[in-house]
Amino acid sequence: MADLTPNSTPDPSPDEQPPAPKTMDILEIMALLPHRYPFLLIDRVVEMERKQRIVAIKNVSINEPHFQGHFPDYPIMPGVLMVEAIAQAGGALLLNEIPDRDSKLMVFTSIENARFRRPVTPGDQLRIEVTVLNWRSRAVKMGGSITVDGKLVCDAVVMCQVVPRVAKKTEAKVETAE
C-alpha cells in the first residue's frame with residue numbers, strides 16, 4: 001500500500017504514461033514520405049518520441065548514384081544529402097502528426113548553421129538524430145546531427161513547413177472537329 005502525504009500524488013496510471021518511443025521499417029517510412037530511390041535517405045527509424053525527437057539510420061552504399069561523380073577516386077557523400085537526410089528524418093516525425101498527409105508535402109523553408117566535420121564514405125552507417133526546437137501547426141524548426149561510429153560528421157538547424165500537395169495535372173483531351 002502506498003503511503004500518500006497531502007503533497008504527494010500516486011504513480012500515473014498506465015493510460016497516463018507517455019507513449020513509448022516508436023520504430024519504423026522502410027515500408028512504414030515509405031508510407032509517410034513521398035521520397036523514393038535514389039532520394040530516400042533514411043532506411044530505418046530506431047527511436048521516436050512524438051513531437052520531440054527521432055533517431056534514424058542511413059546505410060551508405062557504393063551503389064548510390066552520386067558516388068559516380070562525387071568523387072570518382074575518393075567517394076564522399078555530398079553534404080547537401082546529409083542535410084536532406086536530417087530533413088527527411090524530421091519529416092517522418094512531423095508527417096506522423098498530420099492526419100491528411102496524403103494531400104500534403106513537407107518542404108524546406110530554411111537551413112541554418114550547416115557544418116560538415118568529417119567525410120562520409122561508402123560502408124558508413126549514419127545515425128541521424130533530430131530534436132524539435134519549435135513546433136507550430138504547419139511548421140517545425142529542428143536541430144539535427146549525424147554521427148558515424150559516435151563521431152559527429154554533420155549538424156544543422158532546418159525549418160520545414162507542411163504545404164498542400166498540388167494535384168497531378170491531367171492532360172486535357174482536345175476534341176477535333178471533322
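## A pair of strands to start with

Ala139 has Gln161 in strand 6 as its bridge partner. That pair sits in a predicted model, where local features need pLDDT of at least 70, side-chain atom pairs count only at pLDDT 80 or more, and totals for chains, interfaces and linings use all residues. Residues are numbered from 1 along each chain as its sequence is written, and side-chain values use heavy atoms, with hydrogens and water left out.

Strand 5 (residues 139-148) and strand 6 (residues 151-164) run antiparallel and are joined by ten bridges. Strands count as paired if DSSP finds at least two bridges between them.

What is the strand order? The open sheet of six strands reads 1-2-4-5-6-3, with antiparallel pairing. Strand 1 (44-49) and strand 3 (104-116) each have a single partner strand, so one side of each edge strand lacks a neighbour in the sheet. On average, neighbouring strands are turned by 20° against each other, direction ignored.

Helix 2 (residues 79-95) packs on this sheet and touches strand 1, strand 2 (53-59), strand 3, strand 4 (125-135), strand 5 and strand 6. The direction of helix 2 makes about 135° with that of strand 3; axes here are lines fitted to C-alpha atoms, for helices over the stretch in contact, and angles run from 0 to 180 degrees between N-to-C directions.

## Inside the sheet

Seven bridges pair strand 2 with strand 4 in the antiparallel sense, and Ala56 stands opposite Ile128 in strand 4. Moving on, strand 4 and strand 5 run antiparallel with eight bridges, and they form a hairpin with three residues between them. Val130 faces Gly144 of strand 5 across that pairing.

## The chain overall

Two helices and six strands make up the secondary structure, in the order α-β-β-α-β-β-β-β from the N terminus. These are DSSP runs numbered from the N terminus: helices are H or I with at least four residues, strands E with at least two.

Of the 178 residues, 35% are buried (under 20% relative accessible area, 1.4 Å probe, protein chains only). Among contacts (heavy atoms within 4.5 Å) between residues at least 6 apart in sequence, 62% join residues at least 24 apart.

Mean pLDDT, the predictor's confidence in each residue from 0 to 100, is 87 for the chain, and 82% of residues reach 70 or more. Residues 1-10 fall below 50, and beyond near neighbours in sequence this stretch has three contacts in the model.

Conventions. Buried means under 20% relative accessible area, exposed over 50%, partly exposed in between (1.4 Å probe, protein chains only).
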